[in-house]
Amino acid sequence: ERPFALTIEIGASEFDLDLGGVPLKALTVKQGAGRFNLNFSAPNPHLMDLLEVSSGAAGMELHNLASANFSRMRLFGGAAAYEINFDGRLSQSAEVRIETNLSGVEITVPGSTAAEIVAETTLGTVDVGDGFTKRGGAFLTKARLAKERPLLMIRTEVRLGALQIRST
């Protein structure tokens, strides 16, 4: 019942984890190689200060991240494929920083979530799907254009890779 901080360190392996409903105040995931799937199938009942993920050569899927109830998220990665899904109900404004090298990154945000995505790439590509409007160097959902709250602010830095931004 009491919130706690959780650190997960994984070597070369396949790992599936559902933390739905678990009262986390911080989560750190460090993965070497392999495949990692993380899901928040139910909301975190406690405010999480920081969700931090780092990986080497991996395949990583992160689902229902809005349900994690974090205020800050950091993802640092190497040669990998990342699927980052912000489904769920965003209960507070949150900041996300994503930095990857030699990676394919797909970010999915519900159109009903007020989100602003600043996409920076170095020798890479950005592919933006329907449901976003470009304004002032950022991609905004319709909910963000309507100035709804809470706000999900995402900043990406993808080097030598491909970034896809999608809306559901």
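Guide: Let's begin with a term: a strand, labelled E, is a DSSP run of at least two residues, and strands are numbered from the N terminus. Keep in mind as we go that this is a predicted model. Is Asn 85 buried or exposed? Its relative accessible area is 15%, and buried means under 20%, so Asn 85 is buried. Setting aside neighbours within four places in sequence, Asn 85 is in contact with Leu 62, His 63, Asn 64, Leu 65 and Thr 108.

Now step back to the largest nonpolar core, which has 41 residues. Phe 70 is among those with the most contacts inside this core, along with Leu 27, Met 73, Ile 84 and Phe 86. Strand E3, residues 48-63, gives the most to the core: six residues.

One last stop: the structure holds one aromatic pair. The ring centres of Phe 15 and Phe 36 are 5.7 Å apart and their planes meet at 10°, so this pair is stacked. The two partners sit 21 residues apart, with Phe 15 in strand E1 (residues 4-18) and Phe 36 in strand E2 (residues 24-39), so the pair links distant parts of the chain. Phe 15 is partly exposed, at 29% relative accessible area, while Phe 36 is buried, at 0%.

Key
Residues numbered from 1 in each chain as written. Predicted model: local features only at pLDDT ≥ 70, side-chain atom pairs only at ≥ 80, totals over all residues. Heavy atoms only, no water. Core = buried A, V, L, I, M, F, W, Y, C linked by side-chain atoms within 4.5 Å. Buried < 20%, exposed > 50% of the residue type's maximum accessible area, 1.4 Å probe, protein only. Helix = DSSP H or I, 4+ residues; strand = E, 2+ residues; numbered from the N terminus. Phe/Tyr/Trp six-rings, centres within 6.5 Å; stacked < 30°, edge-to-face > 60°. Contact = heavy atoms within 4.5 Å.
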